[in-house]
Amino acid sequence: MIRNLGFLAREVLGINRRNGEFMARHNPRHLFQTVDHKLKTKAALLAVGVPVAETLAVYRFQYETRRFAQDSRAWGEFVVKPAQGAGGEGVLVVTGYDGNGFLTVQGRGMPVRQLESHLSDILGGVFSLNQRYDEALVERCLHAHPLLAGLSFRGLPDIRVILYRGVPLMAMLRLATQQSKGRANLHAGGLGVGVDLTTGETVAAIAGKRWIHHHPDTDLPLLGVGIPQWSELLLTATRCADAVALGYLGVDLTLDVERGACVLELNARPGLAIQLANRQGLRPLLTAVDQKLVPGLPLHERMQLGQDIARLVVP
Amino acid sequence: MTNEVVAQRILRFYPLSSRVSRLAFCLALFLHPSDFPLRITSITMARFMFRIVLGLLLWVVLSATSAQSTPEEEPVFSAEDALSLPTVPPPAESPTHPATAYWKIAVHMTIATPVAGNHVQMLLPLSDGRQSVLSRRASVEGVTYREESDGLNLWGHWLVNTGTNNTPSLLVYEYTVQIADARSELPQLPLPAQSLPEQARYLQPSTAIQSNTLAIRNLSTRLHKGETKLPRVVRALYDHVAALPAAPHSEDGNDALAVLTAGQGGRAGKTRALVALLRTSGIPARVVGGIRLGDSAKKRTTISWVEALLGESWVPMDPAGGYFAWLPNTYLALYRNDLPLLVHTRQVPVEYSFTIRQVTRSEALVAGQPITPESHARRSGVRQGNERMYTIATYVEHPVANVVLVNDNVIPPVAAERILAEARDRQINVALLSADFESSSYREQYLPSLLSDNLTLLREADLLVVNARGTAGLYALLKQGELGIPMTNLRVTVAGTFPQTVGEVLGSVIIRLLKPQELVLLRHEGDLMPLWERARAQGRANIAVVENAQQQETPVIVMTEATAVQLPWWRRQVVALWTVAVQSQISLPALNFILVLPLIAFFLVIIRNVIGLETFGTFSPMLLSLAFLTTGLGWGLTVFAVIVGLGTGLRFMLQGLRLHLVSRVAILIAVVAVSMVGMTVLGAVLGVGALSHAGIFPMVIMANTIENFTNTQMERGTGEALRLTRNTLLVATCSYVGIEETGLKPLVLAFPEVLLGVIAIELWLGRWRGLRLLEYVRFYRLAQDRERVAIEERRKVSAG
């Protein structure tokens, strides 16, 4: 018991240490706005050559929403998002147009007028948590690689990678369940599946607080699955560190069928459950990076360093 | 054309003095012509409304400022010529040493032709700071008699049981009173006077007191002469009314407006005029009815005077008699407010008269020994604020001691009877004062008034015993210090559940303020009986409390002025500081409340950063626990549940409308406000003090909690939202228990340096990076897993 507690105190990263040591030191407050605003994030990522979902249109002013009906004809499938939304509110996935109105992913019809007022609401800041006037962006729909999509119960599965000073430390595949209603967030009921950094194979999975072997809805085995194009995914994630100068960063990315690795979102305060999904505490990894990292290390070597550390530290 | 140009044009053609043009100008400044073909989206609508509000705000500001500079065109009360301001006769000087007089009064009422069911009710005197009713007795032959209090006044009801074949029926009510002609202190408060919501009715106009008319308002503004200090304003108003020439009684010209307009009036008229002027100035005031004693042995007319609420005490003044802030001991108050003295069944003539006789002290006390054993004690219940207070007393002919016992629980009748019986046996005068309180903060608030309402009793007492939970007893005495009442001849015993060190510090403050002969602090909980036994022994055998207590092995601190000096240097500074604070009318309980907030924040740091419970924000749990400290835990949780429940229900209904956060929160605040008002009224009706103080709950925090709850519910699910609510309440409850039950609250008052220690710990905790307790639980399986793997590997190695 005492030995176990001592082990936890040595190896596991807690909120106090994450906030007080890593975020306070490596994540300056003024950089948060880049990751909290989707358009700014995208601009920063494109600048260093990280692929992101294609932006079809951006609406900044109320009068522009009138253009929407005309614009949308060219798109087919698309997603409408508030630029500063949180918790997935205000996100609308449209799968097609049937002559009367748009079809949403829930299979509901939606007249053009209603979609316009949705846009207008986004611009007014109804969905943005800081209550400022917001911008609405329309993105092309992403489709996950069939192997990943098959693991998830609806929704878009994504991969969360934790980077420390530009070195990848840990990765976790996040899957939606029936309970999470298409969202891959862990506290909404999604699954977290730990991924070995070197091989790209899944090593452990959690649902809430339980460790599991199979997806509760599809009953497919979750362990020992090799994630396709793993090194491309990891390299893309590592490259994100060049876009924003955040030392402690969470990258959410997915594997699109057509375009390959594609970054969805950056997170300046990534959660700590990834340690459970990987059956591994973060602290030895963080210490190893501090010891071994030479400043100005190029991209590939940073990724290599992350994989080496993972191999060395994980028994 | 921009809106500024429009505004300038309006300004050119119409002067700003006209109300309409002012409104047009203000709106034109903010409204843009392009707003008018309104596209009805929520955004433009909100912007439009915002501009209108801006315009209205500017209008209000402009109106207010121009009202000060330019006179209104409405009729002005015909000023100096109609109401000449003559020189004021100096009011009678109050005596420097209050003199006490004892009176025996009998009221005889005759019902000429009594029939069963006939009914008479009469207002009866109550004890207050000036007067004490020592005994009362009602004739009960052939009638059913009961007494009933309406919260302010005491009514006696007589109901004739049997028709007594046309012989007139005589009802007699006798009482003995003790009246002191003490002077009221006028607190140097600024105007406008602050008043509690329960005093709002003393500001309302009525048919005879037309405090809302412009004429009276203008007159009072003129009489203020720009004074800002409350006593001076009151004095100016009093001087004006007192200087009005007396006029013969006339039935129709007796209201405030008529008297002030005519510039003359009778006694009742002058009283109403002064009340109206005070109320117009925002000072709670009321009419007091009573009789004047001493000038004739038989009379049947009542007189009226005025009481104004200055600070926390009702200050008497009689403009017709020329008394300001004091009344001679010949004034007996019978009732408050404009009421008829007598109410009886219609068409049954009732004759009544007062027979008045001044008596000596010993006579008065003998008179306090009525005939029937049941009426040995007088028991009268009066509601003060939301609390019910009782006084019971017994008086003997040659007392060896005068004891006042104050208890924070209603004393059970059996115990009260026993105490009174024992007191009579041992020739001790005893007065028992008791009241029920719903939470510790009410106890601290109202226990002091239980003492200050019975000052005449305290003046004569040799020994005062205060038994109250927590530090309420100490606070009650401190409050008397605030009122500047010395208790030089009194020995005081305070029993309560305060730490000894706290008692030493606060006790020293009491000694400095009240200078009692001796102050005994006892750590004692609950029952009054042991304290009474101690007091009895002391009164009887004159055993010092110390020795007596040592026999009973109770921890006791005895303090006199000498012991207060023995405190360490730093502690003496704290004592001096609080003494100054109390002398400057700062309430120590209120200060204590402020000092408690850092402690609550400290609990929050522990619970969030060390234990790891997530709550709704940082301020919600803190302010909630403050609210709990006021209302008590049970009612606090009830109020919280009701308001948050209602609000959340509404919030879900609003969800479909997709409103902006700001308007959504504004609507929630409206709902929270309405439910708070509802609960306040309900609490007042049901007599639940905690409920009627629902307003103590920080409204914004409640609205925020509702908002947080729904947001969490939508983002992270109902379970999570309920979990956070539970944690928030848990933190609030923990800090409530930690502060209320452990005596930490008085501790910060006595040892403010505790906060330095708290800050030190918080500095250390802020740099602490270890795992939170709940994180150990959350990640424990990681360690277990590691252990299992290690065991398996060892097994493999040994097998291999």
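1. Let's start on chain B of this predicted model: B:Val685 sits in helix 21 (residues 661-686) of chain B. With a relative accessible area of 65%, B:Val685 is exposed, because the cut-off for that is over 50%. B:Val685 also belongs to a nonpolar surface patch with B:Val677, B:Val681, B:Leu682 and B:Leu686, and together they have about 490 Å² of accessible area.

2. Next, helix 27 of chain B. Still, helix 27 has a kink of about 45° centred on B:Phe779. B:Phe779 is among the buried residues of that helix, which include B:Tyr776, B:Tyr780 and B:Ala783. What do the buried residues of helix 27 pack against? On chain A, they meet helix 1 (2-11), helix 2 (15-26), strand 11 (210-212) and helix 9 (274-277).

3. In one of them, A:Asp290 pairs with A:Arg165, with the closest N and O atoms 2.5 Å apart. That pair links helix 10 (residues 283-292) of chain A to the loop between strand 7 and strand 8, 125 residues apart. A:Asp290 is partly exposed at 35%, and A:Arg165 is partly exposed at 32%.

4. Two chain B pairs are worth a look. B:Arg286 and B:Glu307 form a salt bridge at 2.8 Å between closest N and O atoms, and both residues are buried. B:Arg651 and B:Glu707 form another, at 3.0 Å; B:Arg651 lies in helix 20 and B:Glu707 in helix 23, so the pair ties together parts 56 residues apart in sequence. Both B:Arg651 and B:Glu707 are buried too.

Methods
Residues are numbered from 1 along each chain as its sequence is written. Chains are lettered from A and ligands numbered from 1 in the order in which they are written. This is a predicted model: local features need pLDDT of at least 70, side-chain atom pairs count only at pLDDT 80 or more; totals for chains, interfaces and linings use all residues. Side-chain values use heavy atoms; hydrogens and water are left out. The bend at a residue is the angle between axes fitted to the seven residues ending there and the seven starting there. Helices (H or I, at least four residues) and strands (E, at least two) are DSSP runs, numbered from the N terminus. Buried means under 20% relative accessible area, exposed over 50%, partly exposed in between (1.4 Å probe, protein chains only). Contact means heavy atoms within 4.5 Å. Patches are made of residues with over 30% relative accessible area and no salt bridge: like charges are joined within 9 Å, nonpolar side chains (Val, Leu, Ile, Met, Phe, Trp, Tyr) within 5 Å. Accessible areas come from the Shrake-Rupley method with a 1.4 Å probe; for residues, only the protein chains shown count as cover. A salt bridge is a side-chain nitrogen of Lys or Arg within 4 Å of a carboxyl oxygen of Asp or Glu.
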